[in-house]
Amino acid sequence: MTTSPDPYLLASTILTPDELPKLALVTYDAASSSTTAANSEHHQPDIVSGSSPPPPHTQRIFVIASNVSLGVEQSCILVVKPRRKDPSTAVLLSVIPILPELKIEIEPQQQGLLTASAATPRNHLPSATTLGLSSLPHTLPKIHTLLESVAPDVFEGKNRVESSNAALKLTLAHGGVSACGVTSDVRGLQDFLSVLRDCLRAAQEHAFASETSHQWMKAYTDDLPHHHHPETPADGGAHKLDTPIFSRFSHSAFLPSPPTSTGPDLQRPASPTAADIRISVGTFNVNGQLPPEDIPSLIGFKKWVRAEQDPDLLVLGLQEVDTSGGAYLYHSPAREDAWTRTVTQALGRRGDKYRKIASKQLVGLMVLAFARVELSLDEVATASVGVGLGGFVANKGAVAVRMKVGERTLCFVNSHLSAFEGLQAMERRCWDWSEIYKRLRFRLEQPAMEDFWETPGNAAAVEKVEEKEDAAEELGGGEEAKENKEMQGVNRFKTAQDVREEVAVEGHDANGTVADSVDAVSDEVNEPKRLSTTIDSPKPQTQVADEITDASSHNIISNWQPSQPPSPPPNSTTFTTATTSTSPPPFTEHPIMDHDIVIHFGDLNFRLDLSHSEAHRLIRQRDYTTLYRYDQLESLRTSGSLFDDFDEGPIGFAPTYKFDKGTDRYDTSEKQRVPAWCDRVLWAVTREWEDEGGEVSATREGDEEKEEEEARKARRQGVVLQAYESVGELKFSDHRPVRATLLVRVR
C-alpha cells in the first residue's frame with residue numbers, strides 16, 4: 001500500500017520563498033469518487049466506506065497560502081495533487097484568490113445542497129440553502145452551524161467524532177476558476193473553513209480586488225495549463241462569473257479556438273505511472289530570428305514548453321535558426337546558447353529540475369533535448385543529414401537525437417523539407433523524406449577490445465609461463481630450450497611476411513598446405529583498409545549515397561569510395577576496421593526505423609490543395625475538419641504513399657503558415673500563399689507490447705468516449721496523445737509554433 005505524502009511537504013515543493021502555508025486540507029478527486037459511488041451498491045465512495053484508501057494521485061489538497069511582502073497579508077488557495085510517478089512532488093492544479101467574491105459550496109453526497117456565498121448582498125438574510133460567510137463580520141455564522149446542516153451526525157450528543165458517515169464535496173470558485181474535492185474529514189473541513197473565514201475578513205477590511213491586489217499570484221498562474229474555458233467552471237457551469245485578470249490569456253491570439261483547443265477526441269491528460277514517461281515535443285520555424293526577450297514572447301514560450309505538465313522529456317525542434325551565408329561555412333554556438341537560455345527561462349522555477357542531454361545543429365536546423373534530472377537515460381546520440389541543393393546541401397534536411405529509456409529506444413527527428421506549392425514541390429518533399437530515412441544513421445561506439453597483453457589476467461599467465469621456462473633453463477634445458485624461448489619472445493604470432501620467409505626457405509609440402517596458408521594470410525593482410533560490414537540479416541545493397549550519414553560532421557569527399565558498394569541495413573550494422581594501434585573502436589549504425597518509437601516533427605511544408613479564397617472561408621468558419629481533407633500530408637499518409645506507418649492527432653487549430661510578421665493576418669504579400677499546416681508532429685511505433693503483464697501503465701486506462709479499436713491500439717503501442725496545439729502568442733516569425741504531449745510506456 002502506498003503511503004500518503006505529507007500535505008505540507010508537498011506544498012513546499014510548489015510554494016515560492018515569499019509565501020507560507022497556513023493550513024492544508026486533504027480531499028479526493030470528485031470525479032473518481034463519483035465514479036466509484038456509481039459502481040457501488042450503496043452509492044458510497046471508497047473514502048467513506050473505509051475499505052481501501054484511494055491512491056495518492058487522486059488526492060486534491062487545498063492549501064491556504066499567505067503573502068505579506070506588501071506589508072499586509074493576502075491569501076490564496078493552491079490546489080495541488082501528488083504526482084502519480086513520484087508522490088513526493090506535487091502538481092499545481094488551480095490557484096484561487098481569497099477575495100470577497102469567493103464562492104463556496106458544500107454538498108453532501110446524498111443530501112441537499114448547502115451553498116455559502118461570499119458574495120451575498122448585505123440585505124440578503126441567510127436561509128437554509130445560502131449563508132453569507134463574509135457579508136459582514138458580525139453576521140458571520142459559526143462554521144459548525146454550516147456543517148451541522150450537512151453532517152448532523154458529527155454534532156450529535158456531547159462526543160463529537162472526527163469524520164462523517166457521508167462524504168462532503170467542497171467546491172471553491174472565483175471568476176472562471178474553480179476546484180472541488182470530496183472528504184469525510186469534517187473536523188479538518190471545519191478548521192479549513194475557520195482559517196478561510198479569517199482570510200475573507202482581512203480581504204473585506206482592506207477592500208482587496210483582483211485588479212489591485214494579489215499580483216504575486218502570477219508566479220503560480222503562469223504555470224497553469226488552462227485546460228477548461230475561462231468562463232466555464234469545472235463543475236459543469238452551475239455559476240458563470242467574470243474572468244479574473246490572471247487567467248485572461250486566450251488559447252489562440254490569431255484565431256480563437258473552441259474551448260477545447262487540443263481537439264474534441266482527446267482524453268483528459270492522465271498522470272504517468274512508474275512505467276510511463278511524459279514527452280513534450282515542440283516545433284517552430286523561427287525565420288532566422290533570435291528569441292525576443294519581451295514579456296508577451298516569454299508568456300508564449302511558457303505556453304510552448306508547458307513546464308506545468310512536468311514532462312520527463314522535452315524535445316524542441318527549430319528550423320531556419322540561422323539563415324546567413326556563413327552558417328554553411330562554420331558553426332557558431334551563439335544561437336544555440338540563446339535558445340537554450342530562452343527554454344530555461346520558460347521552464348521558470350522548474351528549470352533546476354531539468355538538464356540538457358543533447359543538442360545538434362545543421363545550418364538552420366536545431367534540436368534541443370532536455371530531461372528531468374532523475375530520469376535514467378542510455379545510449380544518447382545525435383545525427384544529421386542534408387538533402388537540399390544537389391541532394392546534399394543542408395539548407396534542407398534533418399537533425400535527430402536518439403536514446404534508450406527503460407526498455408524502449410526513442411528517436412526524435414526534426415526535419416525541414418522543400419517548400420513551395422504545386423505537384424512538383426510535393427514530389428520533392430517526398431524525395432526529401434525518403435532520403436532522410438535512407439541516409440540518416442546514428443553511430444554508437446562499442447566498448448574497445450582490450451589488448452591481450454594489457455589484460456591483467458593474461459599478463460599474469462604469461463609471466464607464469466616465462467617463470468617456468470626460466471626454471472627449466474636453469475635446470476639444464478640446453479641451448480635448444482633457450483632458442484625456443486627467444487623465438488617465442490620475438491615471434492609469438494606469425495605475420496604474412498614471416499610465412500613468406502619460411503616458405504622461401506623450406507618450400508612447399510607435399511599437399512601444398514603451406515602455400516594455401518600463405519595465400520589465405522596474404523589476402524587477409526593485404527586487403528585495403530576500408531570499412532567492412534557484418535549484416536545481421538541479408539538485405540539487398542542500396543545506393544552509394546546511403547553511406548553518407550552525417551553531412552555536418554563527416555567529410556563527404558574523404559568518406560565516399562565509389563569503388564566500394566555500401567550496404568546499409570534496415571537494422572543495426574556493426575563496423576570494424578583493420579587492427580592497428582591508431583584505429584578507432586568498432587561502432588554500430590542505427591537507422592531511424594531501427595528504434596521502437598519514432599517521433600517526427602518539424603516544418604514539413606506540406607500544403608493545402610485548395611484555393612486561397614476557399615481556404616480563408618473555412619478558416620473563418622473554423623471548419624478545420626473540412627479543411628483537413630485537402631491537406632497533402634494527410635492524403636499521402638492515408639493512401640500509403642508517405643508516413644503510412646505514422647499517426648497524428650486530430651488538428652483542432654488553425655493553419656500555422658504563413659503570417660505577416662508580428663500580426664495575426666495571413667500572407668498579404670503579392671504571392672498571397674494559401675495558409676497551410678506546415679508544422680506537424682507525428683509518431684510511429686515499430687515494436688508493440690506483446691504481453692499484458694508488467695507494471696501498471698496509464699496507457700492501458702480505458703476511455704469510454706474512445707472507440708474500442710483505438711483504445712486497443714493505444715494499449716498495444718503504449719503511446720497516448722494528450723495534447724496537440726499551436727501557440728498564437730509567438731508572432732515574431734511567419735510560422736506559429738506547434739507542440740504535442742505524449743504519454744509513453746517504457747516498462
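This is a short chat about a predicted protein model and some of its residues.

Q: Hi! What kind of model is this, and which residues count for local features?
A: It is a predicted model, where local features need pLDDT of at least 70, side-chain atom pairs count only at pLDDT 80 or more, and totals for chains, interfaces and linings use all residues. Residues are numbered from 1 along each chain as its sequence is written, and side-chain values use heavy atoms, with hydrogens and water left out.

Q: What is the mean pLDDT of the protein chain?
A: The mean is 75, and 63% of the residues reach 70 or more. pLDDT is the predictor's confidence in each residue, from 0 to 100.

Q: Where is the pLDDT below 50?
A: One such stretch is residues 227-268, which has 87 contacts in the model beyond near neighbours in sequence. A contact means heavy atoms within 4.5 Å. Residues 487-495 also stay under 50, with 10 contacts beyond four places in sequence. Where pLDDT is low, the predicted coordinates should not be read in detail.

Q: Good to know. Now the surface: which residues form a nonpolar patch?
A: Tyr-328, Leu-329, Tyr-330, Leu-389 and Val-393 do, with about 590 Å² of accessible area together. Patches are made of residues with over 30% relative accessible area and no salt bridge; like charges are joined within 9 Å, and nonpolar side chains (Val, Leu, Ile, Met, Phe, Trp, Tyr) within 5 Å. The areas come from the Shrake-Rupley method with a 1.4 Å probe, and for residues only the protein chains shown count as cover.

Q: Where does Leu-389 sit?
A: Leu-389 is in the loop between strand 14 (378-386) and strand 15 (397-405). Strands (E, at least two residues) and helices (H or I, at least four) are DSSP runs, numbered from the N terminus.

Q: And is Leu-389 buried or exposed?
A: Leu-389 counts as exposed because its relative accessibility is 60%. Buried means under 20% relative accessible area, exposed over 50%, and partly exposed in between (1.4 Å probe, protein chains only).

Q: Switching topic: how many salt bridges does a search of the whole structure find?
A: The search finds 31. A salt bridge is a side-chain nitrogen of Lys or Arg within 4 Å of a carboxyl oxygen of Asp or Glu.

Q: Which residue forms a salt bridge with Arg-306?
A: Glu-308 does, with the closest N and O atoms 3.2 Å apart. Arg-306 and Glu-308 are both buried. They belong to a network of salt bridges that links Arg-306, Glu-308, Glu-725 and Arg-739.

Q: What about Glu-435 and Arg-439?
A: Their side chains meet in a salt bridge, 3.2 Å from N to O. They are separated by about one helical turn because they are four residues apart in helix 9 (residues 423-439). Glu-435 is buried at 8% relative accessible area, and Arg-439 is buried at 1%.

Q: Where do Asp-198 and Arg-201 lie?
A: Both lie in helix 5 (residues 186-205), three residues apart, about one turn of the helix. Asp-198 is partly exposed at 42% relative accessibility, and Arg-201 is partly exposed at 28%.

Q: Last one: how many disulfides are there?
A: The count is zero, where a disulfide is a pair of cysteine sulfur atoms within 2.5 Å. For Cys-76, the nearest cysteine sulfur is that of Cys-199, 9.6 Å away. Cys-76 counts as buried, since its relative accessibility is 0%.
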